[in-house]
Amino acid sequence: MSDSVSLESLYEDRQTLYDVLDNLPLGVVALSTSGKAIFINQTMADMLKLPLKKLVRSSPADQDHWLRFESDHRQMLDACLRGERIACRAYLLPAKGERIPVRIHAFPLCNKHGDTAGVVILIHNLQEQNVLEQSQREYRYIVDSINTGIISVDPRGYITTCNKTFSEYFGAKSCELMGKYFPDLRAQMGPASSLLMQALQTGQSISLPEFYHELNGQERIFSLECMPLRDESGGISGAFAMVRDISTQRLMEAKVNRAMQLNIAGELGAGIAHEIRNPLTSIRGFIQLLKGRFTNTSPEQEYLEIMLGELDRANNIIKKFLLLSKPQNPKLQLQDLNYILDDMLKLVEGEALIAEVELIRRFSPEVPLMVVETESIKQVFLNLIQNAIQAMPSGGKLTVATEFLPVNNANLVKISDTGVGIPSSLLAKLGNPFFTTRKNGTGLGLMLSYRIVENHNGKIEVESTAGAGATFSVTLPISASHPALD
Ligand code: ADP
Ligand code: MG
């Protein structure tokens, strides 16, 4: 049975063969021994944007050549005709548009007698592949460059993508994570692992606005979003998570918030202070007038003296408040903290006696002298001491302790009471303007104190359990670069 008989019996007509060739996703060209095109498939004509009719019988190396090999055309053809198979890069020159990079495979075309009748060239368009490779490279680069950690898993929970940021956040190399079963990494990945698996199982997006995770020995705040991935038919084809380090953003927000609150408090304070200062001035004047009416030894003289002192204190507080809305011009002095604290405790002795509060001094003689803005720092300690006494309406102990912290080169003042304490839900509110739980409170004392201590580059920390008292720790660096020292 000859080949032609078998083919004719196999295929209904030759058209079927042409259809197959025309539908191949690669160009097919057959050249005669003289180099003329004896067959060209439709894909090839489409790539060249020329009608088939124009191409058949033309030579790719003619004047309007459409195929250029990177090496010599004729040499290539001759090698093929001698029986060699050739694979190389070339390019097409279509009628319109840019040249197209191609990879060609050329081999001899043998007739049914086994004689070489020409050359067959298969042409793969590299343009689409190049574009795809390029876009894949770009995609990878973008995914690795963004400062959001990205990870994805397949429907079974095995990691399919992991960018550089994600691996940095969780102390691993991307390549080490690829292909791992994500739930196995729960200890290392924290909530990312469990929430991503949940998104995968439920098909619902889940986010965690805030979670804490240690990065390079520092606790930082992250946010997490987990989303299912869906295929064209809507089925779950995996899930992915985005992790962002929002510590800086949170810090900025807190700063802006506090600054805004301080601004409002400052403006309000300035307004109120002006209004109050005037009546206080006239009261002061009248008290001084009254003083002239009593003898120096009369008890009234003593009362008026106390009234004057109290008025001056009120005036001082108002002045402090005005400073909040005005640029400060602090007077810095070398001071002994123990001495200042002792002074402040003396001021509240009367108050403490009435409230049955025992005042305990635990002053360390090691505390070095330090530069502070005296009046402001006095205000801080007085605020904290008064708060402590006010927190013990049925008596208790107020301990004021000082300590030198050589490692931090700072002085630490601890003001502890055995009072009502602060519930943990309210701890974050301390220092907010007008936050008070006391009937006659203003909620300004702590705000001012925080501000003053911040100005000294120090910090105030609070420890408390509701019902078990509170401790306010003020750390003041000795070599603080106070704004006025710059
Ligand atoms: P005020 O004293 O006018 O209320 P502060 O800013 O001084 O304003 O204090 C704000 C709030 O902080 C108080 O109302 C109280 O709820 C809480 N607080 C401050 N110090 C203590 C303390 N030592 N013990 C318990 N609560 C305290
Ligand atoms: Mg107070």
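A residue is termed buried under 20% relative accessible area, exposed over 50% and partly exposed in between, with a 1.4 Å probe and protein chains only. By this criterion Tyr181 is partly exposed, with a relative accessible area of 31%. The model is predicted: local features need pLDDT of at least 70, side-chain atom pairs count only at pLDDT 80 or more, and totals for chains, interfaces and linings use all residues. Residues are numbered from 1 along each chain as its sequence is written, chains are lettered from A and ligands numbered from 1 in the order in which they are written, and side-chain values use heavy atoms, with hydrogens and water left out.

**Overall form.** The chain contains 17 helices and 18 strands, taken as DSSP runs numbered from the N terminus (helices H or I, at least four residues; strands E, at least two). Its radius of gyration is 43 Å, well over the 23 Å that the globule rule gives for 486 residues, so the chain is more spread out than a compact globule. That radius is taken over C-alpha atoms, and the rule is 2.2 Å times the number of residues to the power 0.38. Along the principal axes, the C-alpha atoms fill a box of roughly 145 × 45 × 40 Å. Buried residues account for 40% of the 486 residues.

**The sheet.** An open sheet of five strands has the order β8-β7-β11-β10-β9, with antiparallel pairing; two strands pair if DSSP finds at least two bridges between them. Because β8 (159-162) and β9 (206-215) stand at the edges with a single partner strand each, one side of each is left without a neighbour in the sheet. Six bridges join β7 (residues 148-153) to β11 (residues 236-245), and Ile150 has Met242 as its bridge partner in β11.

The whole structure holds five aromatic pairs. Rings of Phe, Tyr and Trp (its six-membered ring) pair if their centres lie within 6.5 Å; planes under 30 degrees apart count as stacked, over 60 as edge-to-face and the rest as tilted. Two of the pairs are tabulated below.

| Pair | Centre distance | Plane angle | Class |
|---|---|---|---|
| Tyr158 and Tyr181 | 5.0 Å | 40° | tilted |
| Phe166 and Phe170 | 4.7 Å | 35° | tilted |

Tyr158 lies in the loop between β7 and β8, and Tyr181 in the loop between α8 (174-177) and α9 (186-189), 23 residues apart. Tyr158 is partly exposed, with a relative accessible area of 31%, whereas Phe166 and Phe170 are buried. Tyr169, Phe211 and Phe222 form one aromatic cluster.
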